[in-house]
Amino acid sequence: MDAIAGRKPIVVWALNISVVLLVMLWLFPTLGLFVSSFRTGDQITASGWWSAMFPAEQTLQIRAADPDDARVDLGNGVFVVEGNIFGDEPFAGEMSGWSTSSRTLGANAPGETFDLGDGETFTLNADGTYVWQGNDDQISGRAQRVFIDATTPPDFTLNNYAFVLFDEDNSEGMAKAFFNTLTVVIPATIIPILIAAFAAYALAWMDFPGRALLIAAVVGLLVVPLQLALIPLLSLHNAIGIGKGYLGVWLAHTGFGLPLAIYLLRNYMVGLPRDIIENAKVDGATDFQIFTKIILPLSFPALASFAIFQFLWTWNDLLVALVFLIDASGQTTVMTKQIVELLGTRGGDWEILATSAFVSIAVPLAVFFAMQKYLVRGLLAGSVK
Amino acid sequence: MKMKLYASVAAVALTAGSVQADGHLAFTPGEGDFSWDSYNEWAANAPDLSGQSVTVFGPWLSPEDDIFRSAIAYFADATGATVTYTGSDGFEQQIRIDAEAGSAPNVAVFPQPGLAATMASQGLLTPLGPDTASWVADNYAAGQSWVDLGTYADASGEDQFYGFFYNVNVKSLVWYSPENFEDAGYEVPETMEDLIALSEQIIADGETPWCIGLGSGPATGWPATDWVEDIMLRTQTPETYDQWVTNEIPFNDPKVIEAVETFGMFAKNDDMVAGGSAAVGSTDFRDSPTGLFSSPPQCYMHRQASFATAFFPEDVVAGEDADFFYFPSFAEKDLGNPVLGGGTLMAITDASDATMEFMEFLKLPIAHEVMMAQTGFLTPHTGVNLDTYKDDILRGQGEILLNATTFRFDASDLMPGAVGAGTFWTGMVDYVGGAEAEDVTTAIQNSWDALK
């Protein structure tokens with residue numbers, strides 16, 4: 001007894017540590033994605049998300065005001081441009097040095113006046129005010145670049161969310177895609193459950209020849225990759241006149257979801273107490289009555305957990321929707337497709353990807369938390385008799 | 001509970017979606033430098049296509065998709081037909097699934113002629129006819145080469161004209177920051193010899209001349225194929241280039257190996273590239289041009305196609321902070337000024353009257369000018385007004401395209417997919433990773449032989 005009691009903490013520790021590790025493994029990328037969704041594309045390219053939360057030492061590259069608009073004639077051929085290099089908003093960081101050439105970064109201290117040669121001078125103060133002075137030729141054309149070594153505080157933006165959710169060009173498409181996705185997902189979740197519940201009852205509690213073979217066939221179908229069926233199924237849909245559309249995608253999702261649904265529900269139902277069902281039979285209940293009055297209420301956890309599976313899978317699905325639903329009319333686009341499109345022609349807009357991921361995750365998360373108490377119960381469905 | 005949740009989320013989405021885009025044209029007819037005369041003439045004779053629709057499917061996503069929609073709005077305005085464009089990043093796969101299953105769009109925008117050729121040979125495309133072919137020959141700069149690029153064998157093996165090019169890019173460009181060049185006292189090189197000397201000068205100054213990134217997700221390696229193609233055009237005759245594309249000379253021919261090794265001179269030298277040669281294969285091509293504008297600059301030059309401006313940091317203004325020069329040719333080799341390019345071609349996947357009229361519309365200068373004025377769209381159409389280009393940078397590239405003595409299409413897009421979009425890409429990644437040019441090219445040739 002002592003030995004077991006002594007060993008137990010180690011097992012518990014190992015379990016806890018591995019759970020923590022697993023959670024970290026999942027949480028870390030998600031956290032990175034979350035932080036990235038509040039950064040601009042340039043920031044994502046320049047530094048990792050983990051450095052976004054701390055003040056950063058960096059060299060800013062800023063132009064003085066355009067001399068063609070902003071220069072003032074002081075007479076005697078001397079022109080000057082004055083202003084604040086950081087624009088109207090006060091600079092939140094701290095300047096440690098500056099330069100006007102990319103080759104001599106940080107050469108000048110704040111407040112110093114630098115001679116660019118031939119009488120052209122540039123003065124930059126720590127608060128960002130500057131004076132750029134020279135002759136007609138020097139103070140024209142391109143505005144002078146200034147390289148500023150500075151420590152800047154963390155900088156986050158909500159613009160990505162504003163772009164994905166409220167931008168005029170996007171919001172209409174996103175809203176349409178949202179409803180299209182719901183139109184796909186709700187029937188594609190309900191239809192397979194309905195069919196699978198009937199099938200599972202028959203396979204679990206009705207005696208007929210070949211039942212074991214049928215169950216084996218359903219289990220066998222679990223390993224067939226759905227990609228195999230894409231083109232033949234689409235050809236079939238076109239041949240019988242369904243074409244690309246909601247009906248087609250519902251049928252496809254139903255077909256692809258059924259093997260798992262039947263398997264899961266049948267294993268759960270087979271574990272229900274035999275006595276209840278036999279009692280009902282003795283009392284004269286038909287199979288349909290047993291199914292609706294006894295089996296269905298008892299199987300609710302399994303039904304709910306499969307509903308979550310199917311909902312998540314159809315919500316996140318892009319492949320099946322692309323093949324069976326989305327046609328060239330552009331009226332039947334779904335969320336996943338809309339998000340891929342937001343990525344841009346050459347796929348470089350990581351900040352939009354990160355943001356869209358969190359926008360798209362919202363509904364599945366809500367569904368998951370609403371039904372999660374059934375998920376664990378349902379996950380064990382069929383595993384314990 | 002669930003339904004209530006849906007309802008509330010739906011309500012939020014509905015309010016967000018209530019802002020309607022207005023449907024008027026991007027540029028008012030009759031205003032600006034656009035070629036309105038030819039448009040008005042066509043519009044006056046255009047048939048009434050009310051109630052008919054044309055569906056276009058292509059690889060363009062944001063922001064090009066909306067700009068293309070603004071161009072096709074002029075077609076809809078003149079004919080009353082509805083035109084819808086849908087874009088997909090998986091265009092290559094999806095068009096095949098749709099066409100083979102019989103639910104193809106009317107018009108497909110092919111980013112690679114090779115894919116269009118494959119589909120033509122399966123009888124999935126509708127020929128545009130000899131009239132359009134001769135129109136392209138007459139109205140595009142270096143017209144015959146564009147006709148050849150759109151001509152494929154049909155299902156019975158006969159050559160037909162299937163696709164004409166719309167949206168072209170120029171690849172032979174080197175991007176740089178003019179002020180960084182000024183700060184260091186460098187001059188824009190006129191010949192390849194000067195370019196190599198400049199690179200060595202920059203190394204001698206303790207800086208890094210080039211930014212090269214080959215990373216591109218599943219397409220990693222393609223920027224290197226552009227390098228090799230550009231160098232092939234500068235070291236060999238265009239005829240040799242064509243033989244290379246069709247595998248009349250093997251991939252491991254000494255001429256090709258020489259081009260690969262010339263690329264290696266830049267990419268496999270730790271002093272030449274930012275981050276050292278080990279970083280070349282892993283740096284994303286979309287991130288690599290940012291090195292030009294960092295402070296201090298990570299590199300001084302970046303060879304990339306005209307679309308590179310899309311990956312410049314947001315505050316970089318093309319023409320002010322960034323400029324380009326033509327990737328020069330060797331002075332000692334008398335090969336003229338070859339230009340390497342790529343582009344998308346329009347082909348009919350499901351013919352209808354409205355679709356044929358739509359293709360007529362795409363021949364009008366206005367269909368090109370509306371795009372030119374809004375995005376990095378180049379065209380070899382000689383009838384367009386160059387003043388409509390969005391900025392001087394694009395106008396300069398458009399002129400390079402119109403004045404090219406030799407224009408050649410991106411070789412990797414013309415090679416069979418398993419090579420041009422497969423072993424050529426991976427081979428170049430292996431090469432910058434340390435493999436020998438001879439081994440890599442032999443492996444690519446073997447993969448090509450396996451297809452025959």
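A crossing of two helices is called left-handed if the near helix is turned anticlockwise from the far one by less than a right angle, and right-handed if clockwise. By this criterion, the crossing of α5(A) and α11(A) is right-handed. The structure is a predicted model, in which local features need pLDDT of at least 70, side-chain atom pairs count only at pLDDT 80 or more, and totals for chains, interfaces and linings use all residues. Residues are numbered from 1 along each chain as its sequence is written, and chains are lettered from A and ligands numbered from 1 in the order in which they are written.

Helices (H or I, at least four residues) and strands (E, at least two) are DSSP runs numbered from the N terminus. Helix α11 of chain A, residues 300–316, has 17 residues and spans 24 Å from its first C-alpha to its last, close to the expected 24 Å (1.5 Å times one less than the number of residues). Buried residues of α11(A) include A:Leu303, A:Phe306, A:Phe311 and A:Trp315; a residue is buried if 20 or more other C-beta atoms, placed from the backbone, lie within 10 Å of its own, exposed if 12 or fewer, and partly exposed in between.

The axes of α5(A) and α11(A) come within 9 Å and cross at roughly 145° (lines fitted to C-alpha atoms, for helices over the stretch in contact, with angles from 0 to 180 degrees between N-to-C directions). By class, this contact has eleven nonpolar, four polar and no charged residues; Ala, Val, Leu, Ile, Met, Phe, Trp, Tyr, Cys and Pro count as nonpolar, Asp, Glu, Lys and Arg as charged, and the others, Gly among them, as polar.

Between the chains, 49 residues of chain A are in contact with 47 residues of chain B (C-beta atoms, placed from the backbone, within 7 Å). Helix α5 of chain A, residues 168–205, gives the most to the chain A side, with nine residues. That side divides into 21 nonpolar, 16 polar and twelve charged residues.

Chain B is divided into domain 1 (32–169 + 342–409) and domain 2 (173–340 + 411–451), with bounds from an automatic or database domain assignment. Their C-alpha centres lie 29 Å apart, and 19 residues of domain 1 are in contact with 23 residues of domain 2. On the domain 1 side, α16(B) provides the largest share, five residues. The residues of this side divide into eight nonpolar, eight polar and three charged.

Conventions: Contact = placed C-beta atoms within 7 Å.
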